[in-house]
Amino acid sequence: MGGERTAVLGVGQTHYRSTRGDVSMAGLVREAAMRALEDAGLGWSDIDAVVIGKAPDFFEGLMMPELYLADALGCVGKPILRVHTAGSVGGSTALVAASLIQGRIHRRVLTLGFEKQSESNATWALSLPQPFSVSINAGAGGYFSPIIRQYMARSGAPELVGCMVAFKDRQHALSNPYAHLRQHDLTFDQVVEAPMLWDPIRFSETCPSSDGACAMVLGDEAAGDASPGKVAWVHGTAMRSEANNFPGRDEVNPQASRDCAVDLFRQAGITDPRREIDVVEMYVPFSWFEPIWLESLGFAERDRGWRMVEEGATRLDGGDLPVNCSGGVLSSNPIGASGMIRFAEAALQVRGMAGEHQVDGARVALGHAYGGGAQYFAMWVVGADKP
Amino acid sequence: MTDTPVPHEVPADQVAEGPPIQLPPSISDVEPVLSVRTPIRLEYDFIPSAAAQQYLRAYASKRILGNRSPVDGAVFVPPRGVDPRNGVVADEMVDLVDTGHVGSFCITHLPIPGRKDLPVPYVSAWIHLDGADIGFLGLVAGCAAADVRIGMRVRAVWKPDAELGATAENVLHWEPTGQPDVPIDEAGNRAWALKQSAAGGGEDA
């Protein structure tokens, strides 16, 4: 990774809920932005530019909301840039913001992702009739179900591995005051007995629909050194994408995902990710994507990711590679923010500020996001130490 | 640079106050409206590309067309007139058969609003036609959902001739042929990788 050293100076999140009827979109993003500024010990005038992302505009039916949000984000007269990469957008938005620091264009950048799903219906927005094909796909679950079925068939994973992931993430969410789903009385049997929505995906193995925003303040090396609080340092950033249908495509382990991880770990100087990374925040909107990405990112051999789940390796309580200690996308899913929450939670872990879901002594963390038909990838590695 | 004024940081005594708003008595005690939900609708005309026009028109005579790549012979269906991997025109049309196999599938239990023609559960599948090198979405019926398998061989069930139009919806669904399954390691997109390695390894193999 070249260029200016980049630090995460502050993180701000809203409470994630099915409906944040108490705030408009502007109020929602401002809430996250003000918390990030407060965490960084900075004010609006310290910010040089804003980089904002959300899922496609047709979800809420509000075109280019970034234009009207400039006021609420204190950036009248400053540059504001919008990023579009479907579900990975929260991650790639943070990476665009980081690139403005790395390239020494700006010294401090506010970056933010949001979604107000209560004003939309993403499932049916993703099921629009198309002239080329029959209209039988019912939302994102309908798209990802065949990929999960392929993974199960080729890996020979036991049928309940997905339920184990879902139960773990919902337990983790109980330690995160911002999480949307906080199911104190949930049992593993209830997860297993939940109805199938997109067989093999159960209702209990899918993400909720959430309102929320997540913000970070990124700064250059001088800003990081001057920060009153502990900062996280960016050790590597990578983005890759590929088409969602072409001859020979491996939908379960996309080339773009593997290439992105290789580039990322090379930048961060990581040769044995399972040993060198302390905690992972990974984009898992459907439970089976935890073992799928564990393999693709190199934490497990091909067709062996499910064993890590079964052995409890990804649990906050006792695992050697805790995954989604915040509860993950399975517990809070404001789509445009979901990727940035992964990146922000990774930063909180290495700053030692993750509260009840802190991994003791975490020094190096991975933030991961994917989007579209598992075709857009954005990742970063952050550390407690300067790279 | 000055900061943007923050509304809730403005002291209350500095907020400009106009004359009090007088509501008519008929609505003076109703609950204030904070949000409104209302249906919206957008219709548009779709003008297909040259390749798509040929593809959709061929459906009217129960033919399924694909495009063959001039680079490595890969057959795309539906045809788009290009090989997007190589950025080249691919205008050679290929007639495909209406048989193939299931690459993978979803058993959907979530009803699509307004689709009374699609009772749940139904099986949506990636259909990989014999002779094509990518799959497309199709409905599988004619057997129990629990009996559908990755690699299961299927054939098209067409609408009656009198009802055919220039649309992919001419295929009502795909039904099992009863022939032996395609082995799971050769199903779906893996077929292309195998074909490439058998041919001595392409660039992407």
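Residues are numbered from 1 along each chain as its sequence is written, while chains are lettered from A and ligands numbered from 1 in the order in which they are written. Since the model is predicted, local features need pLDDT of at least 70 and side-chain atom pairs count only at pLDDT 80 or more, whereas totals for chains, interfaces and linings use all residues.

Let me start with chain A. Chain A holds 13 helices and 11 strands; helices here are DSSP runs of H or I with at least four residues, strands are runs of E with at least two, and both are numbered from the N terminus. Along the principal axes, the C-alpha atoms of chain A fill a box of roughly 55 × 45 × 45 Å. For 387 residues a compact globule would have a radius of gyration near 21 Å, and the 19 Å of chain A agrees with that. That radius is taken over C-alpha atoms, and the globule rule is 2.2 Å times the number of residues to the power 0.38.

How much of chain A counts as buried? The share is 61% of its 387 residues. A residue is buried if 20 or more other C-beta atoms lie within 10 Å of its own, exposed if 12 or fewer, and partly exposed in between, with C-beta atoms placed from the backbone.

Contacts tell us about the fold too. Two residues are in contact if their C-beta atoms, placed from the backbone, lie within 7 Å. In chain A, among contacts with a separation of 6 or more, 79% come from residues 24 or more positions apart.

Now the core. The largest nonpolar core has 161 residues, and A:Val29, A:Met216 and A:Ala347 touch the most other members. A core of this kind is a set of buried Ala, Val, Leu, Ile, Met, Phe, Trp, Tyr and Cys residues joined through C-beta atoms within 7 Å. Helix H13 of chain A, residues 335-351, gives the most to this core, with 10 residues. Take A:Ala347: leaving aside neighbours within four places in sequence, A:Ala347 is in contact with A:Val8, A:Val11, A:Met216, A:Ala232 and A:Val382.

Which strands does E4(A) pair with? Strand E2 of chain A (residues 49-53) runs parallel to E4(A), joined by 5 bridges, and A:Val50 stands opposite A:Leu110. Strand E7 of chain A (residues 211-220) runs antiparallel to E4(A) with 9 bridges, and there A:Arg108 stands opposite A:Gly219. Pairing here asks for at least two DSSP bridges between the strands.

On to chain B, with 2 helices and 10 strands. From the N terminus, the order is one of α-β-β-β-β-β-β-β-β-β-β-α. Of the 205 residues of chain B, 28% count as buried, and residues 24 or more positions apart make up 55% of its contacts with a separation of 6 or more.

Chain B has an open antiparallel sheet of 3 strands in the order E2-E1-E5. E2(B), 75-76, and E5(B), 92-96, stand at the edges with a single partner strand each, so one side of each is left without a neighbour in the sheet. E1(B), residues 64-68, pairs with E2(B) over 2 bridges, and B:Asn67 stands opposite B:Phe76.

Finally, where the chains meet. The contact takes 35 residues from chain A and 41 residues from chain B. On the chain A side, helix H5 (139-155) and strand E5 (196-199) each supply at least two residues, and H5(A) gives the most, with 6 residues. That side divides into 17 nonpolar, 14 polar and 4 charged residues. Here Ala, Val, Leu, Ile, Met, Phe, Trp, Tyr, Cys and Pro count as nonpolar, Asp, Glu, Lys and Arg as charged, and the others, Gly among them, as polar.

Strands also pair across the two chains: 2 bridges join E5(A) to E6 of chain B, residues 99-108, running antiparallel. A:Asp199 has B:Ile107 as its bridge partner there.
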